[in-house]
Amino acid sequence: MYFGHYALATAVKAKKPELPVMPIFLATGAIDIVNGINIMLGISKVDPNLETKPYLYFDLTQIDWDHSLLMGIVWSLVAGGLAYFFYRKDNTTGLSTTLVAFSHWLLDVPVHNADLALYPGSSLKFGWGLWRVMGEYAWHLEVIFSLILLIYAYQTSKKRGETIWPQILFMGLLMCNISPWLSPMKMVASLPEPYTHLLHGFLVSLGFILPAFIFKWLYQQTGKPIKTI
Ligand SMILES: [Zn+2]
């Protein structure tokens, strides 16, 4: 899952507007930020496969040190701890960041193709395989899932007087970018090694860091009090 993680963060931010943007929007992709680094370091392994739909075009051969259940919990606690110590020392921020980070693992379970181990090296794998079963339609499913959360976020924010159209438009951009038709991973999968796994890892990490900064900027714009004469 990709943009669906941001849809969840948007819904959480709408429900709890007092939460700071960066911890929540970085946490939603924390497990994948680690995944990208692990892939570049050779700790996790991905193999190009143009048949792997809807937009990844890689098989996630071994991602135990970021996407196993145990490591998912560990990285979520790390994310919450970092938010608590470096961002804002209050329990709500720490706990919310941990929970949002772990939501990443839970949302990955339905779509991943049985590559989410119980712990590093375990042969017990989670992942219902909707990516494999549904192919390109798994992207449509992620869009529907995201739209439901975005409608909730829009309505909840509107009640408070904040209109989050810019965030929703940016979500639309992410949906188009990581779609079966425009995903940059297709081009990356056709590169020779070592470029293919290095660029894959780099783009996965970047793809979960850069949008957090853009969301922060967008919330700064939409969260401004309306000027009255
Ligand atoms: Zn993931």
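Predicted model: local features only at pLDDT ≥ 70, side-chain atom pairs only at ≥ 80, totals over all residues.
What percentage of the 229 residues of the chain count as buried? The figure is 43%.

**Whole chain.** Select every residue and show the cartoon. The chain holds eleven helices and four strands. Its radius of gyration is 18 Å, close to the 17 Å that the globule rule gives for 229 residues, so the chain is as compact as a globular protein of that length. Turn the view onto the principal axes: along them, the C-alpha atoms fill a box of roughly 60 × 35 × 30 Å. Of the contacts between residues at least 6 apart in sequence, 66% join residues at least 24 apart.

**Helices α5 and α6.** Next select residues 69–87, which form α5, and residues 91–111, which form α6. Their axes lie 8 Å apart, and the helices pack at an angle of about 150°. Angles over 145 degrees count as roughly antiparallel, which means α5 is roughly antiparallel to α6. The crossing of the two helices is right-handed.

**The contact.** Now show side chains where the two helices meet.

- On α5, select Leu 69, Gly 72, Ile 73, Trp 75, Ser 76, Leu 77, Ala 79, Gly 80, Ala 83, Tyr 84 and Tyr 87.
- On α6, select Thr 93, Gly 94, Leu 95, Thr 97, Thr 98, Ala 101, Phe 102 and Trp 105.

Colour this selection by class. Twelve residues in the contact of α5 with α6 are nonpolar and seven are polar, with no charged residues.

Methods:
Residues numbered from 1 in each chain as written. Axes fitted to C-alpha atoms, helices over the stretch in contact; angles between N-to-C directions. Parallel < 35°, antiparallel > 145°, perpendicular 65-115°, else oblique. Left-handed = near helix turned anticlockwise from the far one by under 90°. Contact = placed C-beta atoms within 7 Å. Nonpolar A, V, L, I, M, F, W, Y, C, P; charged D, E, K, R; others polar. Rg over C-alpha atoms; globule rule 2.2 N^0.38 Å. Buried ≥ 20, exposed ≤ 12 C-beta atoms within 10 Å, placed from the backbone.
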